[in-house]
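Please open the model in your viewer and keep the selection tool at hand.

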Amino acid sequence: MTPTTWTPETWRQLKAAQQPVYHDPVALEAALAELAELPPLVVAEEVDHLQTLLAEAAAGKRFLLQGGDCAEAFADCRGGLIQDKLRVLLQMSVLITHGGRTGVVHLGRIAGQYAKPRSGNTEVVDGREVPVYRGDLINSLDPNQREADPARLLQAYHRSAVTLNHLRALVDGGFADLHHPEHWDLPWSREDAGHYLETLDQVRASLDFVQRLGGLPENLRTGELFTSHEALHLPFETALTRWVPEKEAFYNLGAHFLWIGERTRQLDGAHLEYIRGLANPIGLKVGASMQPGDLKTVLAKLDPQRQPGRLTLITRFGAGKAEAVLPGLIAAARAEGHPVLWSSDPMHGNGTQTPSGLKTRAFGDILQELQEVAEIHRRLGSRLGAVHFELTGEPVTECTGGVEGLEEADLWRAYRSGCDPRLNRSQSLEMAFLLAKVIREG
Ligand code: PEP
Ligand code: CO
């Protein structure tokens, strides 16, 4: 039963999936108490501003680009890597703006994406059964350090803070000025860039033109960036939830945007209960098992006021699977009059495993799902206004396909993800080119 009066703690009355078990509850409580006293990472005005932008995206006036690691790693909290991630997001944004003729809202899976839902509690590593890795917020990828450790909650907070600090400095310091030529050092040679070269030259020419007219529009020059992560670890998220007196509302001030994943969206579960009371814009992952009737229940719970920009539905079906499910979901949202922002996560329904056990995804499958979903929205008079990718600015080899023609046999070369496979920089940029075309046709 959904409690009638919400507080940041009412979720405790319900069953919470995917929560780690701590063997030192005293240390856990101490860590949470310390977290609750630390300053917020973002402020309510920024959060509200994002909601306004998302409302515009839902109305077809902007496009939301959400992307970043599947799981951020503590060890990757480094200037160069953060900069690379920001750069790839902003480059994608320019390609989408130019080719799709729409302004872009940038939302990183960054500065807090440290907790992962897993399919089992244990796994076998080198013939030994160990607790599964649940993200750096909880334990270590090192199979010898899989005990859930409360000290990691504070470490995650501090790494989120320095990551966000660096992002803010980069943006304020002009890094996001996309006109800067070094931001266009593409990972491809002129030959490899093939049929993209012409578009790139056009993008450069139009940036030059805008510059001569008196500078880039504010949204490109400052490249505003918002942060997001999955609201998975509920005690941690609760500690970052604050009452904001001026707004008379509770905000999660650990990120601008929070989402609930496919594995924790039980209708009567603790995660929906927790997130329904936040004033932040929120997301919900929606897989093929979502029934239209259940979606109506979810919409009534998460967005009873039908506020534009409040709720982003992030569908993730797998290539070839959207047709059977999405039309019914679009009809359900429409019947209830909910102004949802429809997003496509074409990554999470397209996972496969190589014979040697590496998780991968094929560029072609990802693109196919994106095209299919956009086409269904278009056909039904709805609109795909957002995408959600797992990507990195690094030259990793985790997904197959793309301009570089990565094959399964290449993946061992630079496979770095501790969780799901990400598009590398080259694949991300290529996806942005192709996405721009999909948007333009919509
Ligand atoms: C994720 O976004 O990393 C994830 C686990 O997705 P989903 O909830 O869609 O499976
Ligand atoms: Co993932």
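Rings of Phe, Tyr and Trp, with the six-membered ring taken for Trp, count as a pair if their centres lie within 6.5 Å. With that cut-off in mind, select W6, W243 and F250, which form one aromatic cluster. Please remember throughout that this is a predicted model.

**Confidence**

Colour the chain by pLDDT. The mean is 93, and 93% of the residues reach 70 or more. Select residues 218-221 next: this is helix α7, where confidence is lowest, at a mean of 52. Where pLDDT is low, the predicted coordinates should not be read in detail. Confidence is highest in strand β10 (residues 311-315), at 99.

**The barrel**

Select the strands β1, β2, β5, β8, β9, β10, β11 and β14; in that order they form a closed barrel of 8 strands with parallel pairing. Neighbouring strands of this sheet are turned by 25 degrees against each other on average, with direction ignored.

How many of its residues are buried? The count is 7 of 7, so this strand is mostly covered. Strand β14 pairs with β1 in the parallel sense over 5 bridges, and H388 in β14 is the bridge partner of Q66. Strand β14 also pairs with β11 (residues 341-344), in the parallel sense over 3 bridges; here A386 is the bridge partner of S343.

Move to β8 (residues 257-260) and β9 (residues 282-286), which pair in the parallel sense over 3 bridges. Within β9, L284 is the bridge partner of I260.

**Helices across the strands**

Select residues 292-302. This is helix α10, which lies across β9, β10 and β11 and runs at about 150 degrees to β10. Then select residues 363-379, helix α12, which lies across β10, β11 and β14 and runs at about 165 degrees to β14.

**Helix α3**

Select residues 79-100. Helix α3 has 22 residues and reaches 31 Å from its first C-alpha to its last, close to the expected 32 Å. Because 16 of its 22 residues are buried, α3 is largely enclosed by the rest of the structure. Just after α3, R101 takes a positive phi of about 55 degrees.

**An aromatic pair**

The structure holds 3 aromatic pairs. For one of them, select F74 and Y114: their ring centres are 5.1 Å apart and their planes stand at 75 degrees, so the pair is edge-to-face. F74 lies in the loop between β1 and α3, and Y114 in the loop between β2 and β3, 40 residues apart. Are these two residues buried or exposed? Both F74 and Y114 are buried.

Key
Residues numbered from 1 in each chain as written. Chains lettered and ligands numbered in written order. Predicted model: local features only at pLDDT ≥ 70, side-chain atom pairs only at ≥ 80, totals over all residues. Heavy atoms only, no water. pLDDT = per-residue confidence, 0-100. Helix = DSSP H or I, 4+ residues; strand = E, 2+ residues; numbered from the N terminus. Expected span 1.5 Å × (residues − 1). Buried < 20%, exposed > 50% of the residue type's maximum accessible area, 1.4 Å probe, protein only. Phe/Tyr/Trp six-rings, centres within 6.5 Å; stacked < 30°, edge-to-face > 60°. Pairing = 2+ DSSP bridges. Axes fitted to C-alpha atoms, helices over the stretch in contact; angles between N-to-C directions. Contact = heavy atoms within 4.5 Å.
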